[in-house]
Amino acid sequence: ETAYEKSADDTRMLEHFLQHNVFTKSLSRRERSEALQRLQPVSHEAGAVLMREGELPTDASLFHLVEWGVLAITIDGTLVNRASRGMSVGELAMLYDGVPRCATVVAETHARTWVLTRLEFQRLLRASSAQYEVDVARWLQNVPLLVALSSYDKLVVARALEQSEHAAGEVVVRAGEPAETFWVVLEGELRAERAPGPGQERAGDADGREPTPQVETLTAGDFWGEEALLPSRAGGAPPAPGHAQPPGWNDANVYACTVQVVRESRLLKMDRR
């Protein structure tokens, strides 16, 4: 597999395209990064045929991301759409085996597209999926409740986790709410704020100052809400995200922290069963 050299301007442009294109924006950050490295530019003269309706896709079939120019999309000879800057054509061939091209695409003007072969696209998805499972299983080693699980069982848990996306500023959980979900950060950045414990509150009141909350930054691999996997137990203080649970903690299985998204994030979650 080849990574193609790109200028800083091209890299910024392609990053923007991949983040906002209808087809590629659902890819993970790692998958978009891999795709960006392998995209290569191709110029098309006006009238050039990029793909024909009815063709069966092969490993060499191309996904096109338009940098400039206009592509005409026709079905049964009828113009149905045009693709221009930031838009793409050829997506279905990347995903489905044995499905013929549903349209003919012709360069209506001189155009430049960035292309990825079907083989490259499917390889990066497979590699990303395998690496994702390895990463998550490794992160689960740090969850005290799951340490005793075998490597295979951790992979089973990794595959059972559901993904969710969260915008900057969103509050994912609030301290004191029932802990119904276990969370792991897949990518992004969040802020966990934990209220001071009873001893700290008394110390703050004594000298006239407000007690200072404990704040922690959460990034890939950090977790919280493991109490959602626990039965209730009595006494003690709740654990901060990413830390071992003190013996005997319960607090009725509620979240110890308020967790808010700092930078757009993708999380993994497992609800209480």
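Tutor: Helices (H or I, at least four residues) and strands (E, at least two) are DSSP runs, numbered from the N terminus. This is a predicted model, in which local features need pLDDT of at least 70 and side-chain atom pairs count only at pLDDT 80 or more, while totals for chains, interfaces and linings use all residues. Residues are numbered from 1 along each chain as its sequence is written, and side-chain values use heavy atoms, with hydrogens and water left out.

The residue to look at is K6, which lies in the segment before α1 (8–20). K6 is buried and yet has no salt bridge, the nearest side chain of opposite charge, D10, being 8.0 Å away. Here buried means under 20% relative accessible area, exposed over 50%, and partly exposed in between (1.4 Å probe, protein chains only); Lys and Arg count as positive and Asp and Glu as negative, with His and the chain ends not counted; and a salt bridge is a side-chain nitrogen of Lys or Arg within 4 Å of a carboxyl oxygen of Asp or Glu.

The side chain of K6 does reach backbone oxygens, that of Q37 at 3.1 Å and that of L39 at 2.9 Å. Leaving aside neighbours within four places in sequence, K6 is in contact (heavy atoms within 4.5 Å) with residues including T11, L14, R38 and W114. R38, for its part, forms a salt bridge with E34, the closest N and O atoms being 2.6 Å apart, and both lie in helix α2 (residues 29–38), four residues apart, about one turn of the helix. R38 is buried, with a relative accessible area of 10%, whereas E34 is partly exposed at 26%.

Conventions: A polar contact is a pair of N or O atoms within 3.5 Å; within protein, one must be able to donate a hydrogen and the other to accept it, and residues adjacent in sequence count only if both atoms are side-chain atoms.
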